[in-house]
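Trainee: I'd like to learn how to read a protein model. Could you take me through one with questions and answers?

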Amino acid sequence: MARSWEKESRGTMFSKPSPELNPSKSIGPRKYSYQQLAKATNHFSNSHLLGEGGFGQVYKGLLDGEYYAIKKLKNFPDLQSEGKLQDEIMVVSSVRHKNLVELLGYCNEGADKLLVFKYFHNKSLSSQLHKSDQNLDWQKRMNIAKGTARGLEYLHEHCDVRIIHLDIKSDNILLDDEFKPKLADFGLARFFSNAATHISESKIIGTRVQNLELKKF
């Protein structure tokens with residue numbers, strides 16, 4: 001029985017099970033219209049902006065009475081075709097682990113390409129480290145480090161489609177209500193060719209940092 005399931009999973013490019021799979025299961029990411037996501041973010045108002053990175057801007061949006069993080073992807077000229085993008089979205093949505101951010105929804109309408117994720121009130125590890133009243137004791141820090149490593153191990157060792165992040169940084173480690181880490185942006189680079197600023201395949205390219213100033217951890 002196990003062999004039959006494993007053969008089927010390879011055929012659909014789904015990832016192998018992990019002992020630390022996220023217990024929540026769904027059919028797949030929900031498809032939203034651009035108008036739905038625009039309305040949820042007050043038409044991508046700056047007052048809803050959570051952050052900005054190499055791939056685009058992230059906004060806080062209200063959908064069906066709940067808050068979500070909505071990523072509006074930049075319109076890269078080398079973005080892959082609509083059909084290929086949808087295939088990649090399905091692959092990434094099949095990757096499930098308690099230390100990875102789960103893709104909940106998407107919009108793919110011409111140049112408008114957006115992704116929908118769970119909203120985390122504790123935001124990123126970076127935001128916590130730079131808070132004057134941050135409450136990250138050493139036990140929490142160790143748990144964050146170990147949880148992040150487990151997420152990376154799953155991507156490297158337990159996926160039929162191996163994913164190498166190549167852009168590990170505190171901004172890409174989100175924290176849930178119990179300060180458990182959720183690794184983000186692990187699949188976004190699969191949507192772009194090697195000419196993009198960030199990739200998750202072969203070239204070792206990540207976020208470029210200039211005038212780096214060392215800060216106490």
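Predicted model: local features only at pLDDT ≥ 70, side-chain atom pairs only at ≥ 80, totals over all residues.

Trainee: Next, the largest pocket. Which elements give two or more residues to its lining?

Mentor: The largest pocket has a volume of about 720 Å³. Its lining takes in 33 residues, and V58, K71, D171, N172 and L174 are the ones nearest the centre. The elements that give two or more residues to this lining are strand 2 (49-52), strand 3 (56-63), strand 4 (66-73) and strand 6 (112-118).

Trainee: Now for the rings. What kind of pair do Y34 and F44 make?

Mentor: A pair of aromatic rings is described by the distance of the centres and the angle of the planes. This model has two aromatic pairs. In one of them, Y34 sits in helix 2 (residues 34-40) and F44 in the loop between helix 2 and strand 2, ten residues apart. Their ring centres are 5.7 Å apart with the planes at 40°, so this pair is tilted.

Trainee: What kind of pair do F44 and Y59 make, then?

Mentor: F44 is in the loop between helix 2 and strand 2, while Y59 is in strand 3, 15 residues apart. Planes over 60 degrees apart count as edge-to-face. The rings of F44 and Y59 have centres 5.3 Å apart and planes at 65°, so the pair is edge-to-face.

Trainee: Which residues do the ring pairs link into a cluster?

Mentor: F44 takes part in a pair with Y34 and in a pair with Y59. There's also a lysine here: K72 lies over the face of F44, 5.4 Å from the ring centre. As for the ring pairs, the cluster they link is Y34, F44 and Y59.

Trainee: Which residue's charged end sits over the ring of F179?

Mentor: Start with where F179 is: in the loop between strand 7 (173-175) and strand 8 (181-183). F179 is buried, because its relative accessible area is 16%. The charged end over its ring, 4.3 Å from the centre, belongs to K140.

Trainee: I noticed the backbone angles too. What is phi of D185 near?

Mentor: A positive phi in a residue other than glycine turns up at F179, where phi is near 65°. D185, in the segment after strand 8, also has a positive phi and isn't glycine. D185 counts as buried because its relative accessibility is 18%, and its phi is near 60°.

Trainee: On to H97. Which residue's backbone nitrogen does its side chain reach?

Mentor: H97 is in the loop between helix 3 (82-93) and strand 5 (103-109). Its relative accessibility is 2%, so H97 counts as buried. At 2.9 Å, its side chain reaches the backbone nitrogen of N99.

Trainee: And which residue's backbone oxygen lies 3.0 Å from the side chain of N99?

Mentor: N99 is in the loop between helix 3 and strand 5. N99 counts as buried because its relative accessibility is 5%. A polar atom of its side chain lies 3.0 Å from the backbone oxygen of P181.

Trainee: Last one: how far apart in space are M90 and L103, C-alpha to C-alpha?

Mentor: M90 has its place in helix 3. At 32% relative accessibility, M90 counts as partly exposed. M90 and L103 are 13 residues apart in sequence, and their C-alpha to C-alpha distance is 9.3 Å.

Definitions and conventions. Residues numbered from 1 in each chain as written. Heavy atoms only, no water. 1 Å grid on protein atoms, 1.4 Å probe; cavity = no way out; pocket = protein on both sides within 12 Å on 5 of 7 lines; lining within 4 Å. Points joined across faces, edges and corners; volume = space filled by probe spheres on them. Helix = DSSP H or I, 4+ residues; strand = E, 2+ residues; numbered from the N terminus. Buried < 20%, exposed > 50% of the residue type's maximum accessible area, 1.4 Å probe, protein only. Polar contact = N/O pair within 3.5 Å; in protein donor to acceptor, adjacent residues only side chain to side chain. Phe/Tyr/Trp six-rings, centres within 6.5 Å; stacked < 30°, edge-to-face > 60°. Lys NZ or Arg CZ within 6 Å of the ring centre and 35° of its normal.
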